[in-house]
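Visitor: I would like to go through this model term by term and hear what each label rests on.
Guide: Then look at it first.

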Amino acid sequence: MRINTLSLFSLVSLVPTLALASLSGSVGPLTSASTKAATKTCNVLDYGAKADKTTDLGPPLASAFADCKSGGLVYVPSGDYALSTWAKLSGGKAWALQIDGTIYRTGTDGGNMIFIEHSSDFELFSSTSSGAMQGLGYEYHKDNKWSGPRLLRLYDVTDFSVHDFILVDAPAFHFSLDTCTNGEVYNMAIRGGNHGGLDGVDVWSTNVWIHDVSSKLPIFEPRVTQ
């Protein structure tokens, strides 16, 4: 991973060292979100989702993705949504995920609440900068349990960005980037408990630019590849 600019609250002392690295070429999506939306828009409300903080968002999100995975935008409108079965979104190309609502963890499985894998030309964002995932990690941690699901994980994703999104109180890592390439992460807020295993951003990737991320988490774990 090569980091050009890093502005995490708790890692100011690391900036001079990490800033010495540089990006090799351009990073980010190859197609704009507006172009993807014009190609096709898949609104989760049309697939059975309800902003009632009770109805499981998992199946509607998976169905919307299935219709837009080959080019389009999956849209989660503003409102409060429950996620009790995790969403594994695999094999997308030239697609985007726009989350303007707040997604609350209501399930108890391990793993990853939203897992994006084997995708290219991908963008995850909130158009209002208020879209969020709330992991309610304190429900685990109050009993001194330090395991549970990650909020968001990207694996084998190329030419991507994640931005203008909020991650709160994960049971485990908040955001994991595993074996990704040519990406940008920016304009995010991450808040969670002060404990090992609750990393704000856990990175094992190449040519990724992370900047303008506000986090009070004490742990940021870049696993550098050259």
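Visitor: Are Lys 36 and Asp 121 buried or exposed?
Guide: Lys 36 and Asp 121 are both buried. Buried means under 20% relative accessible area, exposed means over 50%, and partly exposed is in between, with a 1.4 Å probe and protein chains only. This is a predicted model, where local features need pLDDT of at least 70, side-chain atom pairs count only at pLDDT 80 or more, and totals for chains, interfaces and linings use all residues. Residues are numbered from 1 along each chain as its sequence is written, and side-chain values use heavy atoms, with hydrogens and water left out.

Visitor: What makes the side chains of Lys 36 and Asp 121 a salt bridge?
Guide: The term requires a side-chain nitrogen of Lys or Arg within 4 Å of a carboxyl oxygen of Asp or Glu. The N to O distance for Lys 36 and Asp 121 is 3.1 Å, and the pair is a salt bridge. Lys 36 is in helix α2 (residues 33-39) and Asp 121 in strand β7, 85 residues apart, so the pair links distant parts of the chain. Helices (H or I, at least four residues) and strands (E, at least two) are DSSP runs, numbered from the N terminus.

Visitor: How many salt bridges does the structure hold?
Guide: It holds four salt bridges. One of them joins Arg 105 to Glu 139, with the closest N and O atoms 2.9 Å apart. Arg 105 lies in strand β6 (residues 102-105) and Glu 139 in helix α4 (residues 138-141), so this pair ties together parts that are 34 residues apart in sequence.

Visitor: Why is Arg 105 called buried, and why is Glu 139 called partly exposed?
Guide: Arg 105 has 4% relative accessibility and therefore counts as buried. Glu 139 has a relative accessible area of 35%, so the label is partly exposed.

Visitor: What makes Asp 178 and Arg 153 a salt bridge?
Guide: The closest N and O atoms of Asp 178 and Arg 153 are 2.6 Å apart. Asp 178 sits in strand β10 (residues 175-191) and Arg 153 in strand β9 (residues 150-168), 25 residues apart. Asp 178 is buried because its relative accessible area is 15%; for Arg 153 the value is 17%, and the conclusion is again buried.

Visitor: Why is the pair of Trp 95 and Phe 122 called tilted?
Guide: Rings of Phe, Tyr and Trp (its six-membered ring) pair if their centres lie within 6.5 Å; planes under 30 degrees apart count as stacked, over 60 as edge-to-face and the rest as tilted. The centres of Trp 95 and Phe 122 are 4.6 Å apart and the planes are at 45°, so the pair is tilted. Trp 95 is in strand β5 (residues 93-99) and Phe 122 in strand β7 (residues 112-125), so the pair ties together parts 27 residues apart in sequence. Trp 95 counts as buried because its relative accessibility is 0%, and Phe 122 counts as buried at 0% too. Phe 65, Trp 95 and Phe 122 form one aromatic cluster.

Visitor: How do you know that Lys 53 lies over the face of Tyr 104?
Guide: A charge sits over a ring if NZ of Lys or CZ of Arg is within 6 Å of the ring centre and within 35 degrees of the ring normal. Lys 53 lies over the face of Tyr 104 at 4.1 Å from the ring centre.

Visitor: Which residues of helix α3 are buried, and what puts them on the same side?
Guide: In α3 (residues 58-68), the buried residues include Pro 60, Leu 61, Ala 64 and Phe 65.

Visitor: What makes β3 and β6 a pair?
Guide: Two strands pair if DSSP finds at least two bridges between them. Four bridges join β3 to β6, and the two run parallel. Ala 82 has Tyr 104 in β6 as its bridge partner. Three bridges join β6 to strand β8 (residues 132-134), also parallel.

Visitor: Why is Gly 183 called buried?
Guide: Gly 183 has 0% relative accessibility, so the label is buried. Gly 183 lies in strand β10. Among the residues that Gly 183 touches are Val 27, Phe 160 and Trp 209, where contact means heavy atoms within 4.5 Å.

Technical notes. Lists of a residue's contacts leave out its neighbours within four places in sequence.
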